[in-house]
Amino acid sequence: MRVVVKVGTSTLAYPTGCLNIRHVELLVKTLSDLKNAGNEIVLVSSGAIGMGIGRLSLDGRPQDMPTKQAAASVGQCELMYTYDKLFGEYNHTVAQILLTGSDFSHDDRRENFQNTMFRLIELGVIPVVNENDTIATEEISVGDNDTLAAMTACSVKADLLVLLSDIDGLYTEDPHKNPQAKLIPLVMEITPKIEELAQGAGSGLGTGGMATKIHAAQIAMEQGVDMVIANGARPRVLYDIVQGRQAGTRFQSRRDC
């Protein structure tokens with residue numbers, strides 16, 4: 001199975017922006033084990049700006065573009081160093097892929113991206129994909145890594161897209177406000193009601209929220225890719241997801257209908 005896993009800033013880092021070592025180590029161990037089992041893994045990783053914020057001791061997420069891009073430049077180095085070191089302990093090689101919206105909208109660049117990804121996968125490498133925040137501006141940015149993950153999953157013809165977040169999945173109401181809210185285990189179609197449930201902001205360090213995840217689901221489902229939203233605080237949930245067991249919220253693609 002070819003699986004694209006997207007991990008958000010809230011899973012990788014503490015609110016301070018510093019690396020959540022326990023979460024990252026467990027994530028890498030789980031992904032390495034899934035790859036050892038014969039699965040092809042692509043990791044879409046947020047966290048460059050968040051980790052840059054911690055490294056530069058900034059008070060919060062920058063609002064101006066130059067500081068945001070500077071934080072991304074610093075944080076991306078730390079992010080890839082961490083992945084290279086941890087995956088290397090399990091004898092897996094990683095490759096850095098940094099993209100902007102133009103890499104998907106231009107035919108030649110999209111084809112080059114796909115060719116590189118397919119070859120890396122053939123070589124047994126784990127591509128680590130992120131938006132190129134050091135140069136991306138509003139005109140050429142993808143916008144958020146949930147959308148980036150969905151576009152990547154479709155480009156590499158993935159069997160499954162998993163978004164690891166700071167919530168267990170899509171709920172009937174905001175579970176932070178109503179403890180009686182119920183998890184929705186399966187979504188067959190993105191309806192106006194589903195879109196209404198998705199309103200809300202993400203964490204302080206990240207850029208996503210449930211709305212961006214629903215948008216990602218729509219992109220993936222239309223291209224025949226199943227998507228699951230699950231809690232990144234428990235990376236071992238990936239075992240259940242890959243094996244088709246109930247975990248989080250699964251968005252079933254038209255391929256399965």
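**Exercise 1. Pairing around β2**

Solution: The model is a predicted one, in which local features need pLDDT of at least 70 and side-chain atom pairs count only at pLDDT 80 or more, while totals for chains, interfaces and linings use all residues. Residues are numbered from 1 along each chain as its sequence is written, and side-chain values use heavy atoms, with hydrogens and water left out.

Step 1. Strands are DSSP runs of E with at least two residues, helices are runs of H or I with at least four, and both are numbered from the N terminus. Two strands count as paired if DSSP finds at least two bridges between them, and β2 and β4 pair in the parallel sense over two bridges.

Step 2. Strand β1 (residues 2-7) also pairs with β2 in the parallel sense, over six bridges, and here Arg-2 stands opposite Glu-40 in β2.

**Exercise 2. The whole sheet**

Task: Find the order of the eight strands in the open sheet, and say which strands stand at the edges.

Solution: Step 1. The order is β3-β4-β2-β1-β5-β7-β8-β6, and the pairing is mixed.

Step 1. β3 (94-99) and β6 (186-187) stand at the edges, and because each has a single partner strand, one side of each is left without a neighbour in the sheet.

Step 2. β3 pairs with strand β4 (residues 126-131) in the parallel sense over six bridges, and within this pairing Val-94 has Ile-126 in β4 as its bridge partner.

**Exercise 3. Helix α9 and its neighbours**

Task: Describe how α7 and α9 pack, and determine whether Ile-214 is buried or exposed.

Solution: Step 1. α7 and α9 pack at an angle of about 15°, with their axes 8 Å apart; axes are lines fitted to C-alpha atoms, for helices over the stretch in contact, and angles run from 0 to 180 degrees between N-to-C directions. The two helices are therefore roughly parallel to each other, a term for angles under 35 degrees.

Step 1. Contact means heavy atoms within 4.5 Å, and among the residues that meet are Ala-150 and Cys-154 in α7 and Ala-216 and Ile-219 in α9. The residues of this contact divide into five nonpolar, three polar and two charged, where Ala, Val, Leu, Ile, Met, Phe, Trp, Tyr, Cys and Pro count as nonpolar, Asp, Glu, Lys and Arg as charged, and the others, Gly among them, as polar.

Step 2. Ile-214, which lies in helix α9, is buried, with a relative accessible area of 3%. Its contacts include Leu-170, Ile-190 and Phe-251, and its C-alpha atom is separated by 7.6 Å from that of Ile-190, 24 residues apart along the chain.

**Exercise 4. A positive phi**

Task: Locate Ser-57 and Lys-157, and decide whether they are buried or exposed.

Solution: Step 1. Most residues other than glycine have a negative phi, yet Ser-57 has a positive phi of about 55°, and Lys-157 likewise has a positive phi of about 55°.

Step 1. Ser-57 lies in the loop between α3 (48-55) and α4 (65-88) and is exposed, with a relative accessible area of 61%.

Step 2. Lys-157 is found in the loop between α7 (145-155) and β5 (160-165) and is exposed, with a relative accessible area of 60%.

Notes. Buried means under 20% relative accessible area, exposed over 50%, partly exposed in between (1.4 Å probe, protein chains only). Angles under 35 degrees count as roughly parallel, over 145 as roughly antiparallel, 65 to 115 as roughly perpendicular and the rest as oblique. Lists of a residue's contacts leave out its neighbours within four places in sequence.
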